[in-house]
Amino acid sequence: MLKTIKYGFYVEDEVQVIFLENILPQIISHLKLEDSYSFEKDSLYTSVVSLFPVNNGGRRKFDVTFKMFCEIGIINYEQDVFFLGRDLDKATIYDLEKKIKEMQEHLGEFLESKVIIFLPTRCTEHWLRYIKELKKTENQDLTQKFEEQRNDTVKKNVYGRKKRVEQAQYIHNLCQDIDIDALSQHAESFKHFVESIQIFLNRLN
């Protein structure tokens, strides 16, 4: 019997919203669980997309308020799972694990079991850059580590000269038919994201 998993989110920007909506059904399929589970975005509460400028205390705002948004989604709106997305802005797996542990401890045991954290190392566009290049090479191994590149450099490569109004559809198109294994192999933070979803789904059995 197919179980619909109602989800909410509190994320950094529209890029992460589009990525999340496109990647979740693909991860379900990748895990061969499409006959068991389906993700459905809660139309009543998605935590309001947090479009904030970094230089105006945005990251601090996210770190201070994310628990509150989780509580509203999980408790008030009875969502099955809540996604927290924020660019890590750092490049190492050590930084990733340290930040996730810090956030999980702040959430507490009850919320932590219902929250999935995804923190792209440096930013979400680094994941998109891998997706773009892997498609060009038909998912062959890439020698370059894009995490070593600055955010603005990677974003320029991903979007080119596309205007902001054109970027949403471009991201949506780019995020179709992603090779989950290939992306996981190259982007450690994405691999952690997939594993977190798998752990959550295993708890439902």
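Setting aside neighbours within four places in sequence, R129 touches F146, Q149, V154, N157 and V158. This is a predicted model, and R129 sits in helix α5, which covers residues 124–136. Is R129 buried or exposed? Its relative accessible area is 9%, and since buried means under 20%, R129 counts as buried.

**How the helices pack**

Two packed helices are described by the angle between their axes and the distance between those axes.

| Helix pair | Angle between axes | Axis distance | Handedness of crossing |
|---|---|---|---|
| α1 (14–30) and α9 (188–204) | about 60° | 11 Å | right-handed |
| α1 and α7 (164–174) | about 25° | 9 Å | right-handed |
| α5 and α7 | roughly 55° | within 10 Å | left-handed |

Let's take α1 with α9 to begin with. Their axes lie 11 Å apart at an angle of about 60°, so α1 is oblique to α9. On the α1 side the contact uses F19, L20, I23, L24, I27 and I28, and on the α9 side F190, F193, V194, I197 and L201. Sorted by class, that contact has 11 nonpolar residues, with no polar and no charged ones.

From α5 the contact draws on L128, I131, K132 and K135, while α7 supplies Y170, I171, N173 and L174. Here the class count is five nonpolar, one polar and two charged residues.

Nonpolar side chains in soluble globular proteins tend to be buried together. In this model the largest nonpolar core has 46 residues, and those with the most contacts inside it are F39, F83, L128, F190, F193 and L201. Which helix gives the most to this core? That would be α1, with nine residues.

L201 is a handy one to click on. Leaving aside its neighbours within four places in sequence, L201 is in contact with I5, I28, L31, L33, Y37 and F39. One of those partners, I28, also belongs to the α1 side of the contact with α9, and another, F39, is on the list of residues with the most contacts in the core.

**A few residues to look up**

Y170 is found in helix α7, where it takes part in the contact with α5. With a relative accessibility of 17%, Y170 counts as buried. If you skip the neighbours within four places in sequence, its contacts are K132, V158, Y159 and K162.

P25 belongs to helix α1. At 49% relative accessible area it is partly exposed, as exposed means over 50%. Between P25 and G8, 17 residues apart along the chain, the C-alpha atoms are separated by 15 Å.

Finally, two loop residues have a backbone angle worth a look. Phi of E78 is near 50°, which is a positive value in a residue other than glycine. Where is E78 found? Its place is the loop between α2 (58–76) and β3 (81–85), and with a relative accessible area of 60% E78 is exposed.

D177 also has a positive phi, near 55°, and is a residue other than glycine too. The loop that holds D177 runs between α7 and α8 (180–186). D177 is exposed as well, at a relative accessible area of 73%.

Definitions and conventions:
Residues are numbered from 1 along each chain as its sequence is written. This is a predicted model: local features need pLDDT of at least 70, side-chain atom pairs count only at pLDDT 80 or more; totals for chains, interfaces and linings use all residues. Side-chain values use heavy atoms; hydrogens and water are left out. Axes are lines fitted to C-alpha atoms, for helices over the stretch in contact, and angles run from 0 to 180 degrees between N-to-C directions. Helices (H or I, at least four residues) and strands (E, at least two) are DSSP runs, numbered from the N terminus. Angles under 35 degrees count as roughly parallel, over 145 as roughly antiparallel, 65 to 115 as roughly perpendicular and the rest as oblique. A crossing is left-handed if the near helix is turned anticlockwise from the far one by less than a right angle, and right-handed if clockwise. Contact means heavy atoms within 4.5 Å. Ala, Val, Leu, Ile, Met, Phe, Trp, Tyr, Cys and Pro count as nonpolar, Asp, Glu, Lys and Arg as charged, and the others, Gly among them, as polar. A nonpolar core is a set of buried Ala, Val, Leu, Ile, Met, Phe, Trp, Tyr and Cys residues joined through side-chain atoms within 4.5 Å. Buried means under 20% relative accessible area, exposed over 50%, partly exposed in between (1.4 Å probe, protein chains only).
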